[in-house]
Amino acid sequence: MKSNWKSVLWILFLCFSLCSCDTLHIITPSNDDVDIQEFSYRENDDMWLQTQSSYAKASKLVGYGDYLYYKDSKSFVKYNVKTGIKTYICGDPVCSHTAKDCPLYGYTDFGAVPLFYENKLYYFVDYDEGIYVNGIFDHVEYVNNFSCYDILNQKHHVILDDFFVNFVEYIISGNCFYYYHPYQDDEGNYIYYLNSINLTNSVITEKLLLADLDGKQPNNIVAASNDQIYFASYMYGELYSYNISDFSTKTLLYEAPDGYNIAHIGCQDESFYFVIQNSDCSDQKLCYYNLNTNETTILYSFTSPLSHVYYTQSYAYFTYNEKKTIGTTSDTQETINLPASKIYRVSLSDTIPSEEFVFEFTDNMSMFSINSFVVSGNYIYAYYISWVPSGDELTSSDGYNSIDDRIIMRIDVETGEIYYIK
Ligand SMILES: [Zn+2]
């Protein structure tokens, strides 16, 4: 698979050289060897929102301050978007985090998505370590804990040992980590409660709040401030909050019109951005909710069903749920429909914003598609899918290797220039 992907890159490289196309750049930085000539960065005040909601974590590309965090095929990457310097969080680019002295000991890709909060990485260890005695397998040790790695000071500590919960939603507010935890009632049904862990003394406070179940999953935790936690019931189109010191009173902040639910929530300081939509998504509107005034403003009506939305401080970037047919696979003869990946944006500050076309793959890259993306300043950072012609057909799986190998594509919003961060 690995060599396949390399050959694909090589073919692409050849294609681009032959077309004397000058928009392909490959950034291959490492700790001590940055190819400055390849790297360029233009300052822009716009930044990604510092949000920790499940919506933000879902892309597995986390933007925080000057850094983009993601997993590549080997380890956990901290990429400085301004300098192009890519470092590995535990310091070793090929580390599998299975040695006890590794600061990310026990970190695997299988657990819940880690959380970045004030330059600390909070993560959940669920790791089975084979113990060998004199070179012969003896037993398995299960390592389950909730860990914190202070990225600036390079210090690791375990917040709670033997900590394993099947939680689906979690957030940090001030000095507490809040998460849903399932408890079994007398009839054996699972009920979700909100618990907290004090990050200083590791004390757990249980059953702060019974989840409002709109089906099987608890409602989404979308934001937290020093004294409030904000939730969204996507299905019922509700945005509400609880005061952290008193979980007895639910404050309903916003309720969508009848027949509408909410989706794609982003939060910024004293405001929320979200989309209200009817059941078949034939009507979708971008809304702004101001926490100070409790007022909701409709900013924009989308023209067709949405796929992906990403908020920066100044824009909502989005793709429509279009598909384009590019051919058939060489092995199964199935028709390949790629997400069309035309990226648009609307300004969040204009009173009557209009839709602005941002980017589309064309020509040699017409068989590329964006899988998920985040945006900061002049640049889109994306996981992508690519397909290559093989005779009259398309080679199928290679494109998906771009996800496994975690090569990030950086697209310049203004020029369309593409860089690969390898
Ligand atoms: Zn490591």
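How many bridges pair strand β24 with strand β25, and in which sense do the two strands run? In this predicted model, β24 (residues 323–328) and β25 (residues 335–339) are paired in the antiparallel sense, and 5 bridges connect them. The protein has 422 residues, and its secondary structure amounts to 3 helices and 33 strands.

**The protein overall**

- Of the 422 residues in the protein, 31% are counted as buried.

- An open sheet is formed by 4 strands, which follow one another in the order β14-β15-β16-β17 and pair in the antiparallel sense.
- Because β14 (220–224) and β17 (246–255) stand at the edges of this sheet and each has a single partner strand, one side of each is left without a neighbour in the sheet.
- From one strand to the next, the twist in this sheet averages 30°.
- Strand β16, which covers residues 238–243, runs antiparallel to β17 and is joined to β17 by 6 bridges.
- Within this part of the sheet, Y242 has K250 of β17 as its bridge partner.

**The sheet from β18 to β21**

- A further open sheet consists of 4 strands in the order β18-β19-β20-β21, and here the pairing is antiparallel.
- The edge positions are taken by β18 (260–268) and β21 (295–301), each of which pairs on one side only.
- On average, and with direction ignored, neighbouring strands of this sheet are turned by 25° against each other.
- Strand β19 (residues 271–278) runs antiparallel to β18, and 7 bridges join the two strands.
- For C267, the bridge partner in β19 is F272.

**The hairpin of β24 and β25**

- Between the two strands of this hairpin lie 6 residues, and in the hairpin Q333 adopts a positive phi near 65°.
- The bridge partner of K324 is L338, which belongs to β25.

**Reading the side chains**

Definitions and conventions. Residues numbered from 1 in each chain as written. Predicted model: local features only at pLDDT ≥ 70, side-chain atom pairs only at ≥ 80, totals over all residues. Pairing = 2+ DSSP bridges. Axes fitted to C-alpha atoms, helices over the stretch in contact; angles between N-to-C directions. Buried ≥ 20, exposed ≤ 12 C-beta atoms within 10 Å, placed from the backbone.
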